[in-house]
Amino acid sequence: MSVTRQWMLVLILTAAISVAVHSLVLSTLINRYYTSYSTESYHEHVSQLADFSEKVLTETSYTETQLEMHFETHLTDSINRIRLYNETGHLLVDVQSDASQLPERMNRGMMGSMMGNLTEETEAIDIVGNSEIAGQLLITKISSFGNTMAGRMFTVSLIGNSLISFVLVFILILIVGIYISRKMSRDLKLTAKQAVDIDSGNKQVVVSSRIWEIRTIQQSLEELQTRLKLRQTSRKKLVDELIHQTRTPLTILRTHLEGLADGVLQLTPEEIKTCEAQIENLTAMITNISSMIDADKDIEQIHIEQIELRQLLKQITDGLKIQFDKKNIQLDLFEQVRIEIKTDRYKLSQAIYNLLTNAYKFSAPGGKVTVDCKRVD
């Protein structure tokens, strides 16, 4: 799944959960408040009805019309019917709201199927006058204040508004999510192109992302490119050095083989040692190739051993003598005392070869090159 789809899915799920939790909490709190308010209102109406009924039963100055008008003012959403009986059981007044027939009609209708059954219960209150029971007040009410018509209509309205809120939030999140995901996707594509350009060596134009994580990746790629350039330069330098160093032993071997083929040289033990020395030099170079061109090993390994310097100088001059003779340059090695030193045979040989090769290049025919070394105490 792409980053864009994952981002959109997270946003939509977050929006849906947020709206659902908000609606649930709001509905619970409001329903609790509404139930508490309805209960208090009901008890207040009951108290007023009881006080008025006591006056009606102890006084005879109220007409039936007046009683009905007064009792109808106490018909509320939770109180559907009010009846007052005297001490003999005679019905003095019976008033009921037009909604008192709603439970039967709603139970049969579509609204009833959506809201469920509205059950009623009747509360009987004895009216006491002059320390005697003067009559009875019957109040028919909805069994649960939360199941009143107004309460259920409020619940339906709250659910509908929650759905509308979810749709609006979904549209808003969809717009914002598409914008952010496209921007994120664009930055990721540019970062991927940057990596491809680094691999192919193309020139890059990096547009820094405003997203911190992507910007960090871009900076890491730029640092990687810098390191790769440095390693490439170092590798090229090492390869050039390797090529330069291999020319000397190859040239010596070629001149000696040509001398043997032309009969100028004889295949003596010393000649064989000279060729073996050049082969050893080439072998050492090949062995060190991996360390010389490895980007993580810019420094060659040094192998220290004890050597006899006079013998090493004689092998080198014997190998180069034929080349010097062809150019009519005299190459002499002075007799020396025995000197033993600890060094890297291969690197020291390369340094001496480079010095003599430069002397060969810059000496005119008929010139002279001498090799000598002394112990300094």
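Which residue's backbone oxygen lies 3.1 Å from a polar atom of the side chain of T317? It is the backbone oxygen of K314. The structure is a predicted model, and its chain comprises 10 helices and eight strands. Of the 377 residues in the chain, 33% count as buried. Where contacts join residues at least 6 apart in sequence, 69% of them link residues at least 24 apart.

- T317 belongs to helix α9, which covers residues 309–326.
- With a relative accessibility of 7%, T317 counts as buried, because the limit for burial is under 20%.
- Once residues up to four places away in sequence are set aside, T317 touches L331, L333, L356 and V371.
- The side chain of T317 also has a polar atom 3.1 Å from the backbone oxygen of K314.

- F166 is found in helix α5, formed by residues 149–200.
- The relative accessible area of F166 is 28%, so this residue is partly exposed, a class that lies between the limits of 20% and 50%.
- Although F166 and I12 stand 154 residues apart along the chain, their C-alpha atoms are separated by 9.8 Å.
- Beyond its neighbours within four places in sequence, F166 is in contact with A15, A16 and V19.

**Nonpolar cores**

- As a general background, nonpolar side chains tend to be buried together in soluble globular proteins.
- The largest nonpolar core of this model has 20 residues, and the members touching the most others are F71, I82, L84, L137 and I139.
- Two or more residues of this core are supplied by each of the helices α1 (3–58) and α2 (64–72) and the strands β1 (79–86), β2 (91–96), β3 (120–129) and β4 (132–142).
- Helix α1 provides the largest share of the core, namely seven residues.
- I82, leaving aside its neighbours within four places in sequence, is in contact with L49, F71, H74, L75, V93, D94, V95, L137 and L138.
- Another core, of 17 residues, lies apart from the largest one, and its members include I307, L312, L320 and I352.

**Packing of α6 against α7**

- Two packed helices are described by the angle between their axes and by the distance between the axes.
- Helix α6 (residues 212–262) packs with α7 at an angle of about 155°, and the two axes are 10 Å apart.
- The helices α6 and α7 are therefore roughly antiparallel to each other, as angles over 145 degrees fall in that class.
- The crossing in which α6 passes α7 is left-handed.
- On the α6 side, the contact is made by L242, Q245, T246, P249, L250, I252, L253, H256 and L260.
- On the α7 side, the contributing residues are E271, T274, C275, Q278, I279, N281, L282 and M285.

**Packing of α7 against α10**

- The axes of α7 (residues 269–287) and α10 (residues 345–361) come within 11 Å and cross at roughly 115°.
- This angle makes α7 roughly perpendicular to α10.
- The crossing of α7 and α10 is left-handed.
- Q278, N281, A284 and M285 of α7 meet Y346, Q350 and Y353 of α10.
- Q278, N281 and M285 of α7 take part in the meeting with α10 and also in the contact with α6.

Terms used: Residues are numbered from 1 along each chain as its sequence is written. This is a predicted model: local features need pLDDT of at least 70, side-chain atom pairs count only at pLDDT 80 or more; totals for chains, interfaces and linings use all residues. Side-chain values use heavy atoms; hydrogens and water are left out. Helices (H or I, at least four residues) and strands (E, at least two) are DSSP runs, numbered from the N terminus. Buried means under 20% relative accessible area, exposed over 50%, partly exposed in between (1.4 Å probe, protein chains only). Contact means heavy atoms within 4.5 Å. A polar contact is a pair of N or O atoms within 3.5 Å; within protein, one must be able to donate a hydrogen and the other to accept it, and residues adjacent in sequence count only if both atoms are side-chain atoms. A nonpolar core is a set of buried Ala, Val, Leu, Ile, Met, Phe, Trp, Tyr and Cys residues joined through side-chain atoms within 4.5 Å. Axes are lines fitted to C-alpha atoms, for helices over the stretch in contact, and angles run from 0 to 180 degrees between N-to-C directions. Angles under 35 degrees count as roughly parallel, over 145 as roughly antiparallel, 65 to 115 as roughly perpendicular and the rest as oblique. A crossing is left-handed if the near helix is turned anticlockwise from the far one by less than a right angle, and right-handed if clockwise.
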